Amino acid sequence: MVKDLLFSHSCVCKDRSLLSDKALLRKMLENLMIVRKFEEKVFELFGKGLIHGTIHLGIGEEATGVGTAMALSPDDFMLVTHRGHGQVIGKGCGINGMMAEILAKRTGVCHGRGGSMHIADFDKGILGANGIVGANAPIACGAAMTLKLKGIKNRVSVAFFGDGASNQGAVHESMNFASVKNLPVMFCLINNTYGMSTHISNAVKETDLAKRAAGYGMKSFECDGNDVLAVYETAGKARAHVLGNGPCLLVEHTYRTSGHSKSDGNLYRTKEEIAGWEAVNPVARFSNFLLENKLFTREEIDAADNHTADSIDKAVEYGLSSPDPSPDEVLNNVFA
Ligand SMILES: Cc1ncc(C[n+]2csc(CCOP(=O)(O)OP(=O)(O)O)c2C)c(N)n1
Ligand SMILES: [Mg+2]
């Protein structure tokens, strides 16, 4: 069912009342545009040798991070993936601090210590990203355990992880543990069908990953991860389920049109496959939906485009003009 929807050029909105919330729609549109432009800029800066370490871009997957994070409460905890720029921007992490972080500057959101793959912003409930795929899941359980032990009933802890990570033992153990202890964890599986160059069909016999939830006594939710409205609505339902009933698995189907990491010869997939998905990219799809349904005018879409381009330019200016961390501070904020 989800696969049929994936090649739609528009979006599906079941709760029509969302469509009268123009501020929400504008925020979704701007967040999608910001994530796309932010990552394109990071790619450019990387090519100029201005970024050290590595980067993982989620071009094509913008709706997963934005739609899910926007469906959360500001107080919810979130553990993000190595491909997490969109997830943290959706939760409200400022792009100036993110750009400075990626450029390893003192003004970065982690004081230049973490870079692209380790962005954390505790004030926004973002407990960090992880270079160990799948390690988010047990940490999300720990955060959920804190909520449970403190008797906090209106917050959830979200673990983002990929289809590749979903095969890690730690992820299976976390789903089992969360279920046994009835912890408020939303397991958010971003299924882009590849773990590096390995297609999902070469990694698991049963590729319908939502079925796994049953093995842990959990409910599963699924959505078209290239449709920001579908993601937002489904993540909202999943969150409500967690608050009322305990953990669940949410599977979001998407595709990264960018390479796996800083270098990727794309030898494991065809140009046609990539182009097919580029044609249904989440930013264009949502813009088209807003236009077709006369929710936004062409001028309003263009204004959002200009405004977001401007904010990216300012973030780059902020990052590049920020000071490097001082060698005297090298041991500050380092715990291990
Ligand atoms: C424990 C561990 N094993 C292997 C790696 C190397 N690695 C980095 S990203 C990645 C693929 C992860 O695939 P998936 O979870 O589907 O996320 P995606 O990259 O598709 O977003 C792998 C194997 C790692 N970082 N950590
Ligand atoms: Mg993957």
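Student: How do the residues of the shell around ligand 1 divide into nonpolar, polar and charged?

Tutor: Five are nonpolar, eight polar and two charged. Ala, Val, Leu, Ile, Met, Phe, Trp, Tyr, Cys and Pro count as nonpolar, Asp, Glu, Lys and Arg as charged, and the others, Gly among them, as polar. This is a predicted model: local features need pLDDT of at least 70, side-chain atom pairs count only at pLDDT 80 or more, and totals for chains, interfaces and linings use all residues. Residues are numbered from 1 along each chain as its sequence is written, chains are lettered from A and ligands numbered from 1 in the order in which they are written, and side-chain values use heavy atoms, with hydrogens and water left out.

Student: Which of the 15 residues around ligand 1 come nearest?

Tutor: Arg83, Gly131, Gly164, Ala165 and Asn192. A residue is near the molecule if one of its heavy atoms lies within 4 Å of it.

Student: How much of ligand 1 does the protein bury?

Tutor: The protein buries 72% of the 580 Å² that ligand 1 exposes when taken alone. Areas come from the Shrake-Rupley method with a 1.4 Å probe.

Student: What makes the protein donors of the magnesium ion (ligand 2) count as donors?

Tutor: Asp163 (OD), Asn192 (OD1) and Tyr194 (O) lie 2.1 to 2.2 Å from the ion. The limit for N, O and S atoms is 2.8 Å (3.2 Å for Na, K and Ca), so they count. Water is not among the atoms, so the site may look incomplete.

Student: Where in the chain are aspartate 163 and asparagine 192?

Tutor: Aspartate 163 is in the loop between β3 (157–162) and α7 (169–180), and asparagine 192 in the loop between β4 (185–191) and β5 (194–195). They are 29 residues apart.

Student: Why is aspartate 163 called buried?

Tutor: Because its relative accessible area is 5%, and buried means under 20% (exposed over 50%, partly exposed in between; 1.4 Å probe, protein chains only). Asparagine 192 is buried too, at 6%.

Student: What does glycine 164 count as, buried or partly exposed?

Tutor: Partly exposed, because its relative accessibility is 36%. Glycine 164 sits in the loop between β3 and α7.

Definitions and conventions:
Helix = DSSP H or I, 4+ residues; strand = E, 2+ residues; numbered from the N terminus.
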